[in-house]
Amino acid sequence: MQPAVFDFQQNFFQLFGLNARYQVDSAQLEQHYRTLQAQVHPDKFAHLSEAERRVSMQWSTRVNEAYQTLNNPVRRARYLLSLHGVDTQEETNTAMPADFLMQQMEWREAIEEAQQARDEAALTELEARLQREMSELQQQLAVRLDDEQNYAGAAEAVRKLKFLEKLAEEILSAFDTIEY
Amino acid sequence: MTVALLQISEPGLSTAPHEHRLAVGIDLGTTNSLVATVRNGISVVLNDEHGRALLPSVVRYLPDGTVHVGGEAQREQSTDPANTIVSVKRFMGRGLADIGDISGLPYRFVDAAATGAGQTPGMVQLRTAAGIKSPVEVSAEILKALRSRAEQALGGELVGAVITVPAYFDDAQRQATKDAAKLAGLNVLRLLNEPTAAAIAYGLDNAAEGVYAVYDLGGGTFDISILRLSRGVFEVLATNGDSALGGDDFDHRLYCWLLEKNGLSALSARDTRLLLTRSRAAKEELTEHAQTRITSVLGNGEVMDTTLTQQEYHDMTQNLVARTLQPVRRALRDAGLKVEDIKGVVMVGGATRMPQVQRAVAEFFRQVPLTNLDPDKVVALGAAMQANVLAGNRGEDDWLLLDVIPLSLGLETMGGLTEKIVPRNSTIPTARAQEFTTFKDGQTAMSIHVVQGERELVSDCRSLARFELRGIPPMVAGAARIRVTFQVDADGLLNVSARETGSGVEAHVTVKPSYGLSDAEVARMLQDSYAYARDDMSARSLAEARVEGQRLLEGAHAALQEDGAALLQPEELQAIELLAEKLQQTLAGDDIAAIKRATDMLNQGTVEFASRRMDRSVRKALTGHRLDELEA
């Protein structure tokens, strides 16, 4: 069977009728997401032909992908940079500032300590601190992307955020090990 | 025969506009099963001829091939335990090794690894007086009983059914459930998560808005789902659970206590079943009373007489209750929420009647849980509401359901590690792709091992399928680009494809093999099945093919009338009309293969048209939106 034809000219921002900026109105994003899913979701096509069900699944999948990309600060920044032809080089460019790497090590040790001591309060505290650092970086991203068009600087902020996201995952799995 | 055909195709299946299509919701439970439907806008459970709503999920096989389902089978479970299958849901999509302690179970298990020809270990099977039965076949008997109950009550053939599954069911368990429905002759409109079904019933009944938790402790499974209800949207934020924890375990705990208390060991299958039944009755008694007396006469004539207080019972089951709270904490964390964000907690499943469970939930959430809907019926009622929507019986005012996948999906990478591709709690349908490369120079094949679960080691996750991508052009190690795509549909079922992006070599697999049944096995079971032996198989297939073709044709005509001129070039319009005409001609005849072929052709021929229609409706939706906002 022929694959369904998507309008690949349309990027995720266009799909949601939004300007391609880092700062998005999350209420509007969510509202448009729901409006789109209400049109394309497989539940609306369950009684229709196989062709229609298939097109619906592909569209609904795409709308979910678009929403998950735009709704997440790191993914949104990465996607916006890719629209500007900038690769964030998260896998290849590991040359991070020395003080940043030092901080990373301290974070890791603190998480490990809290996990070994099965100290939920300490983990919760670490989580809150990490959240604060992440939102600072996100503010930086907003300035660099929307105001300064400093894409190289934005790519570096994304790489840093990726590190912090990994830490957040480690905190979550530390919670898990404590509870299991 | 012609008369029979008319009876099959006429009643529910016409696609004339505004005609009510018969659709049901089925709660295929561990202990009891139910069927419900929407009548005059109200969801109702359909009772049997004796006015009973609950069908015990018990199937008994007799030596002459007769099958008893429900109460009739349940009454003989102590006298004929080996051939009377209870709680079969626990075996769905499971191998013998997964079931764990089988010492308390009176069945003769057949490990499919021993019978399968060179395949990975398959689903466990049961040896009965009527031959070896797969859990899928046993479940299909329950579904058949509910289907005939519904068709008698509604006076016609069903268009389709929504079947509920525990939210925490993995791919193998979901696939097994869908296969069982197919075997029972049901058209599955959707597999729906049980807590989500309950949320629909509860949310619509109470016009609820806000974040709710659904705590669903059934006979054999535990689910927790956190949902946000707002303006007609049911959005699952996170789900978690334990697909091997339920009311059965409370019975088993009490049973073990009885053995210990009375110094019993090595009971016969009959005594085991008898004491398990007594344990369950005692559990139910202790819901309302401070103490209960358990009496039995064992096979050897020994009389057992034991008194149990509510306090003793609560103490011995305390750790089971505590085990449900771990998934609750994880679900909250995954949703990024705290206890105080939860506006209400809906209780689902018969086991939530136990006072110690209600107390623990109230304590955890710091609020009294909601029990105003019958915890045994709420899932079936919600499933019926969803079936009514999916069958196309409602107009524009229906709701939108956004559900998630409960467990992460991934691939095995070097060193037996899991690489997660689709993280748990992703909204479905979803697709994710990941690129891999070759390990050795000149490597021309790559084996792909699909797993599900949260653990880092592949050996700790559930193996879903293994397949091979062959014909990769020889290159140096690391040069090939193999793109593996996971597509999860709205039923939560996975489809995997792999492609070498340079050469375009492709491999597809619908994830079934490891713990599921192959299409060939399902076909064989259909052939063997009792109901089909009586029916005229080919007449039935012809009727089904005609109904399907007719539906497609009517849909295509309606779509062409609406949009044909606007969205299609004259020659494209002509091509579709030609295919429709061809299908119309074959429908008049009785060549099943020709009807199916023509149906496929028209389906294929209208994909582009369907795609353009969708494209336009998407554009319209957002344009309308922006206008609204400008006006506001």
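Q: In this predicted model, where buried means under 20% relative accessible area, exposed over 50% and partly exposed in between (1.4 Å probe, protein chains only), what is the relative accessible area of Gln149(A)?
A: Most residues other than glycine have a negative phi. Gln149(A), however, has a positive phi, near 50°, and lies in the loop between helix 6 (120-147) and helix 7 (151-179) of chain A, where helices (H or I, at least four residues) and strands (E, at least two) are DSSP runs, numbered from the N terminus. Gln149(A) is partly exposed, with a relative accessible area of 44%.

Q: Is Ala207(B) buried or exposed?
A: Ala207(B) lies in the loop between helix 7 (194-206) and strand 13 (210-217) of chain B, and its phi is a positive value near 45°. With a relative accessible area of 64%, Ala207(B) is exposed.

Q: Which residue is the bridge partner of Ser225(B) in strand 15 of chain B?
A: Strand 14 (residues 222-230) and strand 15 (residues 233-242) of chain B run antiparallel and are joined by 9 bridges, and two strands pair if DSSP finds at least two bridges between them. In strand 15, the partner of Ser225(B) is Thr239(B).

Q: Which are the edge strands of the open sheet of 5 strands in chain B?
A: The order of this sheet is 18-13-14-15-19, with mixed pairing. Pairing on one side only, the edge strands are strand 18 (344-348) and strand 19 (400-402) of chain B.

Residues are numbered from 1 along each chain as its sequence is written, and chains are lettered from A in the order in which they are written. Local features need pLDDT of at least 70, side-chain atom pairs count only at pLDDT 80 or more, and totals for chains, interfaces and linings use all residues.

Technical notes. Side-chain values use heavy atoms; hydrogens and water are left out.
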